[in-house]
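Reader: Hi! I'm new to reading protein models, could you walk me through this one?

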Amino acid sequence: MPPFVFVGGGLLLLMKEVILLRKVFVTALVLVLAVASCSFADGVKIGSCIYRFNDAFMLRFRNAMTAESEKLGAEISMSDGQDDQNIQNGQIEEFLSSDVNVLIVNPVDRMSSQGIIDKVKAANIPVVFINREPTPEMLATYDKAYYVGAKAEESGTEAGNLIADYFKSHPEADKNHDGKLQFVLLRGQNGHQDMILRSKYSVEAIRNAGIEPVEVAGAIANWDKVQAMNIMNAFIMSIGPENIEAVIANNDEMALGAIEALKANDYNKGDPAMYIPVVGVDANASALDAMTRGEMLGTVLNDADGQGSAAVKLAVMLAEGKDVSGEVTDGKYIWVPYQKVTRGESK
Ligand code: GAL
Ligand code: CA
């Protein structure tokens, strides 16, 4: 059958035949669209609750989820929990009373996840948690609850290794020549698995590398650049920058805040005698820029693209009632690995 019909051109067809051909063509088109809609998640509506929109890493995560939803033809709407669990609870209820088929939740307080699971379970809607991990006991209470994230201990170990490698290859970094590493630790939000495990494993990696770590100061700066800058300023005043041999931050934003404070005190501006190695986690663009300028030692790639697309793919499969047992480990989890990023590399 010719794809085109030339009327009044080289090929003349009777009106009757033209109409017949059009019918066949339209039927074929409808069939093609129907097949496409089956494999492209058409009609799947995802409701996604983010703990706070104003978070550099979660912005990358959101963009990845939007891109994957577009790719799969699913509809996604996102709400900003504004770092307030009560606000987020209301948003979850709103989604549940609308026509969403599945939820993706980044809880404000991961220890509140049980309340979220109970609500979602009562509505019999699948839920994929992201970035803030409910306990295994909580996940076990609902067969349609899953978690997509990264193993925090990996990023802690890699960040610690970055500092240990630097310390070993730069003997002058041991400013007081005691063979130990005097460091400042900037922690993320209290209770967050990434705060607990990154802190623990980064210090352990330094110890495992044969260097004794000594925490000269540490504080919670809630993943936030400005909070970290103020805290670091206070530490510089109270301890003296000459007594700080490294800064370990649980994420890049806090590392960048610490660097602002160091620069305000003429550190990390190019003079090798006035340099304190700072590491973060995430590999956000602003951190990679700071590394290129020589202000920041390194970071660990927290794969927002990998986690965002895995979460949406899983959510779509669940919404379509597909068997996901081949996609997950331990019946509940998708783990996306971290990667170490040092100066000069760009990701
Ligand atoms: C971490 C990330 C932080 C922050 C936090 C939010 O994985 O490294 O920068 O985004 O999640 O929960
Ligand atoms: Ca020392």
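Reader: What does the side chain of aspartate 303 do at the start of H11?
Author: One of its side-chain oxygens reaches to within 3.3 Å of the backbone nitrogen of aspartate 305. Keep in mind that this is a predicted model.

Reader: Got it. How many residues does H11 have, and how far does it reach?
Author: H11 has 16 residues and reaches 22 Å from its first C-alpha to its last. That is close to the 22 Å expected at 1.5 Å a residue.

Reader: What comes just after H11?
Author: Glycine 321 sits there, and it takes a positive phi of about 70°.

Reader: Let's zoom in on glutamine 307. Is it buried or exposed?
Author: Glutamine 307 counts as buried, because its relative accessibility is 2% and the cut-off for buried is under 20%. Its place is in H11, which covers residues 304–319.

Reader: Which side chain does glutamine 307 have a polar contact with?
Author: The side chain of asparagine 302, at 2.9 Å. Leaving aside neighbours within four places in sequence, glutamine 307 is also in contact with other residues, including Phe57, Phe61, Val148 and Val336.

Reader: Are asparagine 176 and glutamine 182 buried or exposed?
Author: Asparagine 176 is partly exposed, with a relative accessible area of 42%. Glutamine 182 counts as buried, at 9% relative accessibility.

Reader: Last one: where is valine 108?
Author: Valine 108 is in the loop between strand S3 (102–105) and helix H4 (113–122). Although it is in a loop, valine 108 counts as buried at 6% relative accessibility.

Reader: Which residues is valine 108 in contact with, beyond its neighbours within four places in sequence?
Author: They include Tyr51, Gly81, Asp83, Arg132 and Gln189. The C-alpha atoms of valine 108 and arginine 52 are separated by 7.7 Å, though these two are 56 residues apart along the chain.

Definitions and conventions
Residues numbered from 1 in each chain as written. Chains lettered and ligands numbered in written order. Predicted model: local features only at pLDDT ≥ 70, side-chain atom pairs only at ≥ 80, totals over all residues. Heavy atoms only, no water. Helix = DSSP H or I, 4+ residues; strand = E, 2+ residues; numbered from the N terminus. Buried < 20%, exposed > 50% of the residue type's maximum accessible area, 1.4 Å probe, protein only. Polar contact = N/O pair within 3.5 Å; in protein donor to acceptor, adjacent residues only side chain to side chain. Contact = heavy atoms within 4.5 Å. Expected span 1.5 Å × (residues − 1).
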